[in-house]
Amino acid sequence: MDARIQTLRNISQLGETGFVTPEERAVLEKVAARYAVALPPALAALIDRDDPNDPIARQFVPDAAELETRPEELADPIGDDTHSPVEGIVHRYPDRVLLKLTHVCAVYCRFCFRREMVGPDKPNALSPQALKTALDYIRAHNEIWEVIFTGGDPLILSPRRLRAVMKELAAIDHVKVVRIHTRMPVAEPLRITPDLVRALKASGKAVYVAIHVNHARELSGEAREACARLADAGIPLLGQSVLLKGVNDTAEAMSDLMRACVENRIKPYYLHHGDLAPGTAHLRTDIATGQGLMRDLRGRTSGLCQPSYVLDIPGGHGKSPIGPNYIGETEAGYEVEDFNGKRHAYR
């Protein structure tokens, strides 16, 4: 079976294509019974099967370590449920809401913070009535300035369905910005068709697309073309990444990732510290590692390549920046650290 032909959705298919060994299959069946599996052709083709530590495989091929749940890990690590007034809406911050249109993704990341809530055995999408109720909530709250599509992956929906939601939002005067969070340009780049790109436009609204990418190799030729179709249509692209052990936790890997994003007109936006999702400890770093990487980025790459390193506080308390600090108070004023680690007085 050619991994370029179809999405691999179970351990048997991953075994037949050589992504898992016969010895691993029994335990990985237990992983797949709990957490969704999908490895699309575009990402499968990027995996080096001769490298047991391949950074693409670490993100998408199930691992026995996922069966180990630590006491601090949570089914809802960022507290979506706490701030969900109606189905499909998360209203954590005053001026913006998440609109969770679907629970399905083209690829299932092994570190997903919504891994207990998404997958093929969950409801595929908001029902028509639930979507109406969610849109009515947005209409009724004049403080909502931005609507953020999330899920699941919103771009797994058809252009027709996306166009219909954008038309509804275009008619809500107090909504000024629509942001779409997606992995689709790297997971299934051929899905980013001219028709889909047109469907993302909303009259009178600023539309942004935030692309989730964690390793420079994910930006394949096809992925770059998909990003270009969005950027050429006038849609600004943002980059969000998750700090992952064995994937992007070195200065070289992180620099390559951020430069690759900027080269493709994707402005790095967030670098997320790994959330406390069940079975993801083997992919989480410590915060000191992330702060060190941010220092390395500051010293070796353009300002365009600098994301905000953030932690989503467990319990639904929102994101906080946790990057390194470069300034401290002294008796005479301040002391500021430069990118080489040298300190200078500032009075």
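At what angle do helix 5 and helix 6 pack, and how far apart are their axes? The first view takes up that pair, and the others move on through this predicted model.

**View 1. Helix 5 packs against helix 6.** Helix 5 (residues 128-140) and helix 6 (residues 159-170) meet at an angle of about 25°, and their axes lie 11 Å apart. With that angle, helix 5 is roughly parallel to helix 6. The two cross in a right-handed sense. On the helix 5 side, look for Leu131, Leu135, Ile138 and Arg139; their partners on helix 6 are Val165, Glu168 and Leu169. Sorted by class, this contact between helix 5 and helix 6 holds 5 nonpolar and 2 charged residues, with no polar ones.

**View 2. Helix 10 packs against helix 11.** Here helix 10 (residues 251-263) and helix 11 (residues 287-300) pack at an angle of about 60°, with 10 Å between their axes. Helix 10 and helix 11 are therefore oblique to each other. Their crossing is right-handed. The class tally for helix 10 with helix 11 is 5 nonpolar, 1 polar and 4 charged residues.

**View 3. Leu39 sits in the loop between helix 2 and helix 3.** The loop that carries Leu39 runs between helix 2 (22-34) and helix 3 (41-44). Is Leu39 buried or exposed? Its relative accessible area is 0%, so Leu39 is buried. Setting aside neighbours within four places in sequence, Leu39 is in contact with Gln6, Thr7, Leu8, Leu14, Phe19, Ala44, Ile47, Phe60 and Val61.

**View 4. Cys109 and Cys305 are both buried.** For Cys109, the closest cysteine sulfur belongs to Cys112 and is 6.5 Å away, which is too far for a bond. Cys109 is buried, at a relative accessible area of 13%. Turning to Cys305, the closest cysteine sulfur is that of Cys261, 8.6 Å away and again too far for a bond. Cys305 has a relative accessibility of 4%, so Cys305 also counts as buried. How many disulfides does the model contain? With a cut-off of 2.5 Å between cysteine sulfur atoms, the count is 0 disulfides.

Note on methods. Residues numbered from 1 in each chain as written. Predicted model: local features only at pLDDT ≥ 70, side-chain atom pairs only at ≥ 80, totals over all residues. Heavy atoms only, no water. Axes fitted to C-alpha atoms, helices over the stretch in contact; angles between N-to-C directions. Helix = DSSP H or I, 4+ residues; strand = E, 2+ residues; numbered from the N terminus. Parallel < 35°, antiparallel > 145°, perpendicular 65-115°, else oblique. Left-handed = near helix turned anticlockwise from the far one by under 90°. Nonpolar A, V, L, I, M, F, W, Y, C, P; charged D, E, K, R; others polar. Buried < 20%, exposed > 50% of the residue type's maximum accessible area, 1.4 Å probe, protein only. Contact = heavy atoms within 4.5 Å.
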